[in-house]
Amino acid sequence: MVFEISSVVSKLQMVSTSDHSSVVSMNLFVALLCACIVIGHLLEENRWMNESITALLIGISTGVVILLFSGGKSSHILVFSEDLFFIYLLPPIIFNAGFQVKKKQFFVNFMTIILFGAIGTLISCAVITLGASQIFEKLDIGPLELGDYLAIGAIFAATDSVCTLQVLNQDETPLLYSLVFGEGVVNDATSVVLFNAIQSFDLNHIDPSIALHFLGNFLYLFVASTMLGVLTGLLSAYIIKKLYIGRHSTDREVALMMLMAYLSYMLAELCYLSGILTVFFCGIVMSHYTWHNVTESSRITTKHSFATLSFVAEIFIFLYVGMDALDIEKWKFVSDSPGTSIAASSVLLGLVLVGRAAFVFPLSFLSNLAKKSPNEKISFRQQVIIWWAGLMRGAVSMALAYNQFTMSGHTSLRSNAVMITSTITVVLFSTVVFGLMTKPLIRLLLPHTPNHKEINIVIATDASTPKSATVPLLGSAQDSEVDIDPIHRPSSIRALLRTPTHTVHRLWRKFDDAFMRPVFGGRGFVPVEPGSPSERNGHQWR
């Protein structure tokens with residue numbers, strides 16, 4: 001009896017110690033997040049640095065300190081987990097991207113974005129897979145199967161354009177920003193779908209039908225994921241419009257918007273769809289309909305809440321990756337032959353450069369052939385920036401690599417350890433080195449030439465509204481409350497073919513005003529309760 005009691009007490013003490021160490025770890029991590037924000041603010045005007053690089057360097061420095069204090073046993077306070085990344089950190093980033101995006105630019109360039117994000121990713125994956133399979137056999141890395149090489153292609157085809165987007169201005173370079181941003185979202189979704197497809201297919205029995213099956217599966221995932229996001233966004237708009245929850249509690253409508261946004265992502269994961277595409281299009285629909293159905297205070301709250309969650313998640317990811325980069329367990333496997341790991345990292349980095357160039361310049365040429373207006377064509381300087389923006393690799397590559405080459409974050413095979421350390425090296429090198437050169441490169445290729453027309457529009461717009469507040473679903477700053485640039489209405493088939501974008505825009509506006517807004521709300525169709533903020537200040541939103 002005494003032995004049993006002492007055993008229970010010892011177990012409770014172990015649990016208490018474990019809980020205390022978790023609290024210590026979380027305290028340190030939150031303190032590091034605060035440090036990243038403060039240092040990032042101080043380096044705001046720095047020519048080279050940005051917040052993502054700052055967080056990554058702080059993570060690496062912290063990992064070094066922890067490694068020294070632990071006697072070389074550990075370098076991190078949290079172990080990298082792909083579940084934590086995909087379930088908790090990625091959704092707020094992608095949702096806010098859709099919520100804040102300039103929709104007209106995104107949809108006007110939609111075909112080019114799909115060309116780069118989907119077809120380009122497949123080309124990059126093929127180049128990396130072929131190159132790795134030919135070169136790695138000569139490096140004596142270890143036993144790697146066809147599925148591993150295909151997975152390597154998908155892993156390193158996943159880009160991270162955060163550094164470039166932090167430098168580009170959405171108002172000054174709308175075409176370039178929409179292409180880099182849109183391609184990044186579609187690229188992430190395509191890479192994850194491609195990676196999952198590789199894992200699900202039986203690669204021991206390859207036949208021509210697999211390619212058709214993969215194409216059909218990809219199209220199904222793309223369409224189904226998009227529709228799920230749109231339907232979830234419309235459902236949230238309809239519920240908030242019909243119930244007008246804000247007349248009793250603004251907290252409830254803000255909470256409902258956040259939970260419905262997260263629900264769209266989890267529903268996609270539950271149905272084995274692409275949560276990235278689902279939550280992105282849910283954000284677009286919510287910004288067009290749901291956001292206008294809530295009270296003014298909730299609009300301001302949701303705008304800043306979504307942006308803040310996205311910002312913190314991005315900093316968290318880079319800090320997380322930086323600290324995990326020095327995981328001593330994985331580096332021990334390659335310590336006897338560091339040259340092999342360096343060679344593998346160099347090969348992968350070179351394949352990333354080649355794979356990126358293999359589709360950016362040819363597909364840009366094809367895209368320019370289909371565009372008649374010089375302003376819509378992608379210049380060579382812009383092509384270079386698009387190519388450069390996709391050279392950096394980030395947390396998506398890390399998460400997919402851990403999924404393929406580790407079991408619960410641990411690995412016991414030398415070949416797997418080489419691939420993990422090579423992925424870490426490529427992520428660190430591309431983010432830090434390429435990221436440091438991004439600001440000077442963009443300033444060199446795109447001298448600052450502010451658009452006076454856009455400046456006047458921004459000044460005239462209410463500062464309390466988000467960028468998408470006065471913008472229709474296929475509208476831009478030029479298509480706000482007053483038609484600054486009247487849409488040309490073609491009177492013949494020839495004119496329709498000459499201006500297809502404006503025609504689709506006009507038809508969508510008519511359909512939206514006639515059928516969608518009366519049912520789902522939006523600007524001009526918000527229900528007004530007596531004495532509500534909308535009644536007192538309704539003229540600001542109609």
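**View 1. Phe-316 is a buried residue of this predicted model, with a relative accessible area of 13%.** Buried here means under 20% relative accessible area, exposed means over 50%, and partly exposed lies in between, using a 1.4 Å probe and protein chains only. Helices are DSSP runs of H or I with at least four residues, numbered from the N terminus. This is a predicted model, in which local features need pLDDT of at least 70 and side-chain atom pairs count only at pLDDT 80 or more, while totals for chains, interfaces and linings use all residues. Residues are numbered from 1 along each chain as its sequence is written, and side-chain values use heavy atoms, leaving out hydrogens and water.

**View 2. The structure holds 24 aromatic pairs, and here is one between Tyr-238 and Phe-520.** Rings of Phe, Tyr and Trp (its six-membered ring) pair if their centres lie within 6.5 Å; planes under 30 degrees apart count as stacked, over 60 as edge-to-face and the rest as tilted. The ring centres of Tyr-238 and Phe-520 are 6.4 Å apart and the planes stand at 70°, so this pair is edge-to-face. Because Tyr-238 lies in helix 9 and Phe-520 in helix 20 (residues 500-520), the pair ties together parts that are 282 residues apart in sequence. Tyr-238 is partly exposed at 36% relative accessible area, whereas Phe-520 counts as buried at 17%. For Phe-316 and Tyr-320, the centres are 5.5 Å apart and the planes at 55°, so that pair is tilted.

**View 3. One aromatic cluster is worth a visit.** Its members are Phe-106, Phe-107, Phe-110, Tyr-177, Phe-181, Phe-280 and Phe-281.

**View 4. The charged end of Arg-299 sits over the ring of Trp-291.** The distance to the ring centre is 5.6 Å. A charge sits over a ring if NZ of Lys or CZ of Arg is within 6 Å of the ring centre and within 35 degrees of the ring normal.

**View 5. Tyr-244 and Tyr-272 each have a positive phi without being glycine.** Most residues other than glycine have a negative phi. Tyr-244, with phi near 45°, is found in the loop between helix 9 (209-243) and helix 10 (250-270). Tyr-272, with phi of about 60°, is found in the loop between helix 10 and helix 11 (275-288). Buried or exposed? Tyr-244 is buried at 1% relative accessibility, while Tyr-272 is exposed at 73%.

Conventions: Helix = DSSP H or I, 4+ residues; strand = E, 2+ residues; numbered from the N terminus.
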